[in-house]
Amino acid sequence: GEGALPVPDTNSHLITEPLTFRGPSSVRASSDGQTLYVSEGFGLFAMDTEHRAVFSVPTDSYGRIEMSPDERFIYLTQEQTDQLIVIDVAGQEIVDTVGVGDTPVDLEITPDGRRLYVANSDSRDVPGVDVPTMAAVGRIDLGSRPSQIGITPDGLTAYVTDLDRGV
């Protein structure tokens with residue numbers, strides 16, 4: 001379905017113009033604030049501060065966006081295909097695809113950029129992915145549906161919300 005991403009004016013804090021997308025599912029800004037990345041059902045879009053498309057990468061599903069600490073790569077879950085895709089920002093293309101479990105709904109990268117953790121709603125688990133090799137390094141079976149992950153700044157602890165238990 002149609003969806004909009006509100007664009008606030010940073011001076012007035014009012015929404016000046018909504019950007020229309022086909023079901024936006026995630027948004028992330030670059031650290032310098034010059035590029036906005038938006039995931040929707042048909043792709044990942046990179047836009048500049050004037051809301052012009054810089055590039056787009058077609059995808060098969062809605063997904064959540066995470067960036068490598070150096071912002072060279074975007075990691076994007078694909079809820080309908082049960083995959084994690086890796087996009088090279090400079091090359092503007094998918095460079096790797098990894099099966100991660102059933103219905104990946106969120107992901108988080110450790111501060112050192114070496115591990116990704118993915119919340120899989122339907123397989124009810126959180127797999128770890130070694131970023132340099134993009135190989136699975138373990139899986140935590142939760143027995144309930146995770147929805148979001150947060151990692152502490154030291155990278156030693158992850159917190160996972162649980163839809164079944166309301167935590």
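Predicted model: local features only at pLDDT ≥ 70, side-chain atom pairs only at ≥ 80, totals over all residues.
User: Why is Asp125 called buried?
Analyst: A residue counts as buried when its relative accessible area is under 20%. Asp125 has a relative accessibility of 5%, so Asp125 counts as buried. Asp125 is found in strand β13, which covers residues 125-130.

User: What makes the pair Asp125 and Ser123 a polar contact?
Analyst: The limit for such a pair of N or O atoms is 3.5 Å. The side chains of Asp125 and Ser123 are joined at 2.9 Å, a value within 3.5 Å.

User: Why do β7 and β10 stand at the edges of the sheet?
Analyst: The open sheet consists of 4 strands in the order β7-β8-β9-β10, with antiparallel pairing. β7 (65-67) and β10 (93-99) each have a single partner strand, so one side of each is left without a neighbour in the sheet. From one strand to the next, the twist averages 25 degrees.

User: What makes up the lining of the second largest pocket, by class?
Analyst: The lining has 9 nonpolar, 3 polar and no charged residues. Among the lining residues are Tyr117, Val126, Ile140 and Gly155; Gly counts as polar. The elements that give two or more residues to this lining are β15 (146-151) and β16 (158-162). The volume of the second largest pocket is about 150 Å³.

Note on methods
Residues numbered from 1 in each chain as written. Heavy atoms only, no water. 1 Å grid on protein atoms, 1.4 Å probe; cavity = no way out; pocket = protein on both sides within 12 Å on 5 of 7 lines; lining within 4 Å. Points joined across faces, edges and corners; volume = space filled by probe spheres on them. Pairing = 2+ DSSP bridges. Axes fitted to C-alpha atoms, helices over the stretch in contact; angles between N-to-C directions. Buried < 20%, exposed > 50% of the residue type's maximum accessible area, 1.4 Å probe, protein only. Polar contact = N/O pair within 3.5 Å; in protein donor to acceptor, adjacent residues only side chain to side chain.
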